[in-house]
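Subject: Structure for you, with notes

Hello,

Please find the structure below. My notes on it follow.

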Amino acid sequence: MAELNFFRIVEESPAYWRVIFDYPPLNIVDNVFFEGLQGLLVKMDASSTLRVAVFESANPEFYLAHFDMTGKIGNIATAVGASGLPILMDTFVRLTKSPVVSIAKIRGRVRGAGSEFTLACDMRFASRERAILAQVEVGAGVHPGGGGTERLPHLVGRGRALEIILGANDFNGELAERYGYVNRALPDNELDGFVDEFARRIATFDRRALAAAKNLVNQVSLPSADRLLDAFGSFTGSLAWPEAQRRFSALLERGLHKEGAWENRFGELLPTLFDSAA
(Lines give C-alpha, C1' and ligand atoms only; values in the text may rest on other atoms or scores of the structure.)
Protein backbone atom coordinates (compact mmCIF):
# COMPACT_ATOMS: atom_id res chain seq x y z
CA MET A 1 0.00 0.00 0.00
CA ALA A 2 1.27 3.48 -0.91
CA GLU A 3 0.16 6.91 0.30
CA LEU A 4 0.09 10.02 -1.86
CA ASN A 5 -1.22 13.18 -0.19
CA PHE A 6 -4.95 12.75 0.31
CA PHE A 7 -5.43 9.16 -0.84
CA ARG A 8 -4.11 5.64 -0.49
CA ILE A 9 -3.13 3.32 -3.31
CA VAL A 10 -3.81 -0.37 -2.77
CA GLU A 11 -2.02 -2.48 -5.38
CA GLU A 12 -4.30 -5.48 -5.72
CA SER A 13 -1.95 -6.72 -8.43
CA PRO A 14 0.59 -5.15 -10.81
CA ALA A 15 -2.30 -4.67 -13.26
CA TYR A 16 -5.02 -3.48 -10.86
CA TRP A 17 -4.88 -0.64 -8.33
CA ARG A 18 -7.52 0.70 -5.97
CA VAL A 19 -7.21 4.42 -5.22
CA ILE A 20 -8.99 5.34 -2.00
CA PHE A 21 -9.84 9.01 -1.34
CA ASP A 22 -9.16 9.77 2.31
CA TYR A 23 -9.19 13.54 2.94
CA PRO A 24 -11.24 14.17 6.11
CA PRO A 25 -13.73 15.30 6.91
CA LEU A 26 -15.58 15.56 3.59
CA ASN A 27 -13.16 14.90 0.71
CA ILE A 28 -13.33 18.52 -0.46
CA VAL A 29 -11.86 19.10 -3.94
CA ASP A 30 -9.09 21.70 -3.53
CA ASN A 31 -5.47 22.27 -4.55
CA VAL A 32 -4.38 19.28 -2.43
CA PHE A 33 -6.75 17.09 -4.44
CA PHE A 34 -5.25 18.20 -7.75
CA GLU A 35 -1.67 18.01 -6.51
CA GLY A 36 -2.38 14.46 -5.38
CA LEU A 37 -3.94 13.47 -8.69
CA GLN A 38 -1.03 15.01 -10.60
CA GLY A 39 1.33 12.82 -8.59
CA LEU A 40 -0.89 9.80 -9.14
CA LEU A 41 -0.92 10.32 -12.91
CA VAL A 42 2.88 10.35 -12.90
CA LYS A 43 2.88 7.12 -10.91
CA MET A 44 0.34 5.53 -13.26
CA ASP A 45 2.31 6.59 -16.35
CA ALA A 46 5.47 5.09 -14.86
CA SER A 47 3.88 1.65 -14.52
CA SER A 48 4.26 -0.64 -17.53
CA THR A 49 1.93 -3.25 -16.05
CA LEU A 50 -1.06 -1.25 -14.80
CA ARG A 51 -4.28 -1.89 -16.72
CA VAL A 52 -7.07 -0.56 -14.49
CA ALA A 53 -7.52 1.80 -11.53
CA VAL A 54 -10.67 1.90 -9.38
CA PHE A 55 -11.34 5.16 -7.51
CA GLU A 56 -13.35 4.92 -4.30
CA SER A 57 -13.77 6.72 -0.97
CA ALA A 58 -12.84 5.81 2.58
CA ASN A 59 -15.83 7.90 3.69
CA PRO A 60 -19.10 6.11 2.84
CA GLU A 61 -21.04 9.39 3.11
CA PHE A 62 -18.83 11.56 0.87
CA TYR A 63 -17.12 10.35 -2.28
CA LEU A 64 -15.90 13.84 -3.30
CA ALA A 65 -17.97 16.62 -1.75
CA HIS A 66 -17.46 19.54 -4.18
CA PHE A 67 -15.00 22.28 -5.19
CA ASP A 68 -13.46 24.25 -2.34
CA MET A 69 -15.38 27.51 -1.78
CA THR A 70 -13.03 29.01 0.79
CA GLY A 71 -10.33 29.99 -1.71
CA LYS A 72 -8.03 27.02 -1.11
CA ILE A 73 -7.35 26.41 -4.79
CA GLY A 74 -3.67 27.36 -5.05
CA ASN A 75 -2.52 27.85 -8.63
CA ILE A 76 -4.73 25.21 -10.26
CA ALA A 77 -6.48 27.89 -12.34
CA THR A 78 -3.26 29.45 -13.68
CA ALA A 79 -0.48 26.86 -13.65
CA VAL A 80 -0.10 24.69 -16.77
CA GLY A 81 0.11 20.90 -16.62
CA ALA A 82 1.84 18.35 -18.83
CA SER A 83 -0.87 18.56 -21.51
CA GLY A 84 -0.49 22.34 -21.84
CA LEU A 85 -3.85 22.94 -20.16
CA PRO A 86 -4.45 24.58 -16.76
CA ILE A 87 -3.86 22.11 -13.91
CA LEU A 88 -7.57 21.51 -13.25
CA MET A 89 -8.34 20.68 -16.87
CA ASP A 90 -4.99 18.95 -17.41
CA THR A 91 -5.72 16.52 -14.58
CA PHE A 92 -9.10 15.46 -15.95
CA VAL A 93 -7.96 15.31 -19.60
CA ARG A 94 -4.90 13.22 -18.78
CA LEU A 95 -7.04 10.82 -16.75
CA THR A 96 -9.49 10.47 -19.64
CA LYS A 97 -6.74 9.92 -22.21
CA SER A 98 -4.57 7.66 -20.05
CA PRO A 99 -4.02 4.14 -21.41
CA VAL A 100 -5.08 2.94 -17.94
CA VAL A 101 -8.80 2.19 -17.59
CA SER A 102 -10.35 4.35 -14.85
CA ILE A 103 -13.45 3.31 -12.90
CA ALA A 104 -15.28 5.47 -10.35
CA LYS A 105 -16.93 3.33 -7.65
CA ILE A 106 -19.35 5.81 -6.10
CA ARG A 107 -20.67 5.45 -2.58
CA GLY A 108 -21.69 8.70 -0.87
CA ARG A 109 -22.10 12.23 -2.17
CA VAL A 110 -20.26 13.52 -5.24
CA ARG A 111 -21.04 17.02 -6.45
CA GLY A 112 -19.63 19.81 -8.61
CA ALA A 113 -15.95 19.26 -9.42
CA GLY A 114 -16.21 15.87 -7.72
CA SER A 115 -18.90 14.89 -10.21
CA GLU A 116 -16.68 16.21 -13.01
CA PHE A 117 -13.89 13.93 -11.79
CA THR A 118 -16.18 10.92 -12.14
CA LEU A 119 -17.23 12.13 -15.61
CA ALA A 120 -13.54 12.15 -16.59
CA CYS A 121 -13.28 8.50 -15.53
CA ASP A 122 -14.01 5.89 -18.17
CA MET A 123 -16.85 4.30 -16.25
CA ARG A 124 -18.99 5.00 -13.20
CA PHE A 125 -20.67 2.42 -10.97
CA ALA A 126 -22.79 3.63 -8.06
CA SER A 127 -24.46 2.38 -4.92
CA ARG A 128 -28.20 2.36 -5.49
CA GLU A 129 -28.93 3.32 -1.89
CA ARG A 130 -25.92 5.45 -0.93
CA ALA A 131 -24.78 7.39 -4.01
CA ILE A 132 -25.78 11.03 -4.57
CA LEU A 133 -24.56 12.86 -7.69
CA ALA A 134 -25.03 16.52 -8.63
CA GLN A 135 -23.71 19.49 -10.55
CA VAL A 136 -24.60 22.19 -8.03
CA GLU A 137 -22.64 25.10 -9.49
CA VAL A 138 -25.57 27.10 -10.93
CA GLY A 139 -27.30 26.99 -7.55
CA ALA A 140 -24.08 28.31 -6.00
CA GLY A 141 -23.99 31.26 -8.42
CA VAL A 142 -21.50 30.02 -11.03
CA HIS A 143 -21.51 27.19 -13.60
CA PRO A 144 -19.55 23.96 -14.16
CA GLY A 145 -16.01 24.53 -15.40
CA GLY A 146 -14.30 21.16 -15.19
CA GLY A 147 -16.01 19.38 -18.07
CA GLY A 148 -19.53 18.93 -16.74
CA THR A 149 -21.18 21.01 -19.48
CA GLU A 150 -19.10 19.23 -22.14
CA ARG A 151 -19.25 15.61 -20.98
CA LEU A 152 -22.78 15.27 -19.56
CA PRO A 153 -24.67 15.92 -22.84
CA HIS A 154 -22.76 13.06 -24.50
CA LEU A 155 -23.85 10.73 -21.72
CA VAL A 156 -27.42 11.76 -20.96
CA GLY A 157 -28.56 13.95 -23.87
CA ARG A 158 -29.12 17.72 -24.02
CA GLY A 159 -32.40 17.90 -22.13
CA ARG A 160 -31.30 15.77 -19.23
CA ALA A 161 -27.92 17.53 -19.07
CA LEU A 162 -29.75 20.83 -18.73
CA GLU A 163 -32.02 19.33 -16.06
CA ILE A 164 -28.98 18.19 -14.07
CA ILE A 165 -26.98 21.41 -14.51
CA LEU A 166 -29.67 24.09 -14.35
CA GLY A 167 -31.69 22.33 -11.66
CA ALA A 168 -28.56 21.91 -9.50
CA ASN A 169 -30.30 19.15 -7.56
CA ASP A 170 -29.17 15.81 -6.14
CA PHE A 171 -29.65 12.60 -8.13
CA ASN A 172 -29.75 9.28 -6.31
CA GLY A 173 -28.04 6.24 -7.78
CA GLU A 174 -31.20 4.77 -9.28
CA LEU A 175 -32.14 7.95 -11.18
CA ALA A 176 -28.53 8.57 -12.20
CA GLU A 177 -28.50 5.12 -13.79
CA ARG A 178 -31.80 5.74 -15.60
CA TYR A 179 -30.41 8.97 -17.06
CA GLY A 180 -27.03 7.52 -18.04
CA TYR A 181 -25.11 9.65 -15.53
CA VAL A 182 -23.58 6.36 -14.30
CA ASN A 183 -23.14 3.02 -16.06
CA ARG A 184 -25.01 1.06 -13.42
CA ALA A 185 -26.45 1.50 -9.95
CA LEU A 186 -26.14 -1.67 -7.90
CA PRO A 187 -27.44 -2.64 -4.46
CA ASP A 188 -24.90 -1.34 -1.98
CA ASN A 189 -23.98 -4.81 -0.76
CA GLU A 190 -23.19 -5.88 -4.34
CA LEU A 191 -21.23 -2.82 -5.48
CA ASP A 192 -17.78 -3.80 -4.16
CA GLY A 193 -17.93 -7.33 -5.48
CA PHE A 194 -19.19 -6.32 -8.91
CA VAL A 195 -16.56 -3.61 -9.45
CA ASP A 196 -13.75 -5.80 -8.12
CA GLU A 197 -14.70 -8.69 -10.41
CA PHE A 198 -15.01 -6.36 -13.41
CA ALA A 199 -11.65 -4.68 -12.71
CA ARG A 200 -9.93 -8.02 -12.29
CA ARG A 201 -11.41 -9.15 -15.61
CA ILE A 202 -10.00 -6.09 -17.39
CA ALA A 203 -6.66 -6.60 -15.66
CA THR A 204 -6.27 -9.97 -17.43
CA PHE A 205 -6.37 -8.39 -20.89
CA ASP A 206 -3.40 -7.01 -22.85
CA ARG A 207 -2.54 -3.39 -22.11
CA ARG A 208 -1.97 -2.57 -25.79
CA ALA A 209 -5.43 -3.79 -26.81
CA LEU A 210 -7.12 -1.95 -23.94
CA ALA A 211 -5.31 1.32 -24.71
CA ALA A 212 -5.99 1.11 -28.45
CA ALA A 213 -9.70 0.41 -27.98
CA LYS A 214 -10.04 3.23 -25.43
CA ASN A 215 -8.24 5.64 -27.76
CA LEU A 216 -10.63 4.85 -30.64
CA VAL A 217 -13.67 5.45 -28.41
CA ASN A 218 -12.08 8.69 -27.18
CA GLN A 219 -11.75 9.97 -30.74
CA VAL A 220 -15.50 9.94 -31.28
CA SER A 221 -16.72 10.82 -27.80
CA LEU A 222 -14.49 13.40 -26.08
CA PRO A 223 -14.99 17.19 -26.13
CA SER A 224 -12.22 19.22 -27.73
CA ALA A 225 -9.60 21.01 -25.64
CA ASP A 226 -10.86 24.34 -27.00
CA ARG A 227 -14.38 23.69 -25.68
CA LEU A 228 -13.03 22.64 -22.30
CA LEU A 229 -10.85 25.75 -22.13
CA ASP A 230 -13.76 28.04 -23.02
CA ALA A 231 -15.84 26.59 -20.20
CA PHE A 232 -12.95 26.72 -17.74
CA GLY A 233 -12.17 30.35 -18.60
CA SER A 234 -15.81 31.28 -18.15
CA PHE A 235 -15.92 29.40 -14.84
CA THR A 236 -12.85 31.13 -13.40
CA GLY A 237 -14.35 34.47 -14.43
CA SER A 238 -17.66 33.60 -12.79
CA LEU A 239 -15.95 33.12 -9.42
CA ALA A 240 -15.60 36.93 -9.24
CA TRP A 241 -19.24 37.70 -10.09
CA PRO A 242 -20.87 39.66 -7.23
CA GLU A 243 -23.82 37.27 -7.30
CA ALA A 244 -21.49 34.31 -6.92
CA GLN A 245 -19.60 35.93 -4.05
CA ARG A 246 -22.91 36.61 -2.30
CA ARG A 247 -23.99 33.00 -2.67
CA PHE A 248 -20.62 31.60 -1.63
CA SER A 249 -20.69 33.71 1.53
CA ALA A 250 -24.24 32.63 2.32
CA LEU A 251 -23.40 28.96 1.76
CA LEU A 252 -20.41 29.12 4.10
CA GLU A 253 -22.50 30.93 6.72
CA ARG A 254 -25.17 28.22 6.47
CA GLY A 255 -22.60 25.53 7.19
CA LEU A 256 -21.13 24.33 3.90
CA HIS A 257 -17.68 22.78 4.33
CA LYS A 258 -18.79 21.40 7.70
CA GLU A 259 -20.50 18.15 8.58
CA GLY A 260 -24.22 18.73 8.85
CA ALA A 261 -27.45 19.48 7.01
CA TRP A 262 -26.09 21.69 4.26
CA GLU A 263 -23.44 19.22 3.13
CA ASN A 264 -25.84 16.32 3.45
CA ARG A 265 -28.72 18.04 1.62
CA PHE A 266 -26.86 20.54 -0.57
CA GLY A 267 -28.97 20.18 -3.71
CA GLU A 268 -32.26 20.01 -1.82
CA LEU A 269 -31.54 23.13 0.27
CA LEU A 270 -30.14 25.41 -2.45
CA PRO A 271 -33.49 27.08 -3.25
CA THR A 272 -33.80 28.05 0.43
CA LEU A 273 -30.38 29.71 0.61
CA PHE A 274 -31.73 33.19 1.29
CA ASP A 275 -34.77 32.14 3.30
CA SER A 276 -34.58 33.52 6.83
CA ALA A 277 -35.57 30.15 8.27
CA ALA A 278 -33.10 28.07 6.20
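How are α2 and α3 oriented to each other, roughly parallel or roughly antiparallel? Before the reply, the conventions: this is a predicted model, in which local features need pLDDT of at least 70 and side-chain atom pairs count only at pLDDT 80 or more, while totals for chains, interfaces and linings use all residues. Residues are numbered from 1 along each chain as its sequence is written, and side-chain values use heavy atoms, with hydrogens and water left out.

Helix packing

α2 and α3 are roughly parallel to each other, because angles under 35 degrees count as roughly parallel, over 145 as roughly antiparallel, 65 to 115 as roughly perpendicular and the rest as oblique. Their angle is about 25° and their axes are 8 Å apart. Axes here are lines fitted to C-alpha atoms, for helices over the stretch in contact, and angles run from 0 to 180 degrees between N-to-C directions. Helices (H or I, at least four residues) and strands (E, at least two) are DSSP runs, numbered from the N terminus. On the α2 side, Phe92, Leu95 and Thr96 make the contact, and on the α3 side Ala113, Glu116, Phe117 and Ala120; contact means heavy atoms within 4.5 Å. By class, five of these residues are nonpolar, one is polar and one is charged (Ala, Val, Leu, Ile, Met, Phe, Trp, Tyr, Cys and Pro count as nonpolar, Asp, Glu, Lys and Arg as charged, and the others, Gly among them, as polar).

Helices α4 (residues 148-156) and α9 (residues 225-238) also pack, at an angle of about 125° and with axes 9 Å apart. α4 and α9 are therefore oblique to each other. Thr149, Glu150 and Arg151 of α4 meet Arg227, Leu228 and Ala231 of α9. This contact has two nonpolar, one polar and three charged residues.

Ten of the eleven residues of α2 are buried, where buried means under 20% relative accessible area, exposed over 50% and partly exposed in between (1.4 Å probe, protein chains only). Among them are Asp90, Phe92, Arg94 and Leu95. In helix α3 sits Thr118, which is buried at 0% relative accessibility. Thr118 touches Tyr63, Ala104, Ile106, Val110 and Arg124, leaving out residues up to four places away in sequence. Between Thr118 and Val182 there are 64 residues in sequence, with a C-alpha to C-alpha distance of 9.0 Å.

Nonpolar cores

A nonpolar core is a set of buried Ala, Val, Leu, Ile, Met, Phe, Trp, Tyr and Cys residues joined through side-chain atoms within 4.5 Å. The largest one has 73 residues, of which Phe33, Phe55 and Phe117 touch the most other members. Helix α1 (residues 31-46) gives the most to this core, seven residues. Beyond its neighbours within four places in sequence, Phe55 has contacts that include Val19, Leu37, Leu95, Lys105 and Phe117. A separate second core of 15 residues includes Ala15, Tyr16, Val101 and Leu191.

Salt bridges

A salt bridge is taken as a side-chain nitrogen of Lys or Arg within 4 Å of a carboxyl oxygen of Asp or Glu, and the count comes to 16.

- Lys105 pairs with Glu56, with the closest N and O atoms 3.4 Å apart. Lys105 is in strand β6 (residues 101-111) and Glu56 in strand β4 (residues 52-57), 49 residues apart. Both residues are buried.
- Asp90 and Arg94 meet at 3.1 Å, N to O. Both lie in α2, four residues apart, about one turn of the helix. Asp90 has a relative accessible area of 0% and Arg94 one of 16%.
- Asp170 and Arg111 meet at 2.9 Å, N to O. Asp170 lies in the loop between α5 (158-167) and β8 (171-172) and Arg111 in strand β6, so the pair ties together parts 59 residues apart in sequence. Asp170 is partly exposed at 21%, whereas Arg111 is buried at 0%.

Shared partners also join Glu12, Arg18, Glu56, Lys105, Arg107, Asp188, Asp192, Asp196 and Arg200 into one network.

Backbone points

Pro24 and Pro25 are joined by a cis peptide bond, with omega about 0°. Pro25 lies in the loop between β3 (16-21) and α1, and Asn27 is placed in the loop between β3 and α1. Asn27 has a positive phi, near 55°, and is buried at 3% relative accessibility. Ala168, in the loop between α5 and β8, has a positive phi near 50° and is buried at 4%.

Regards
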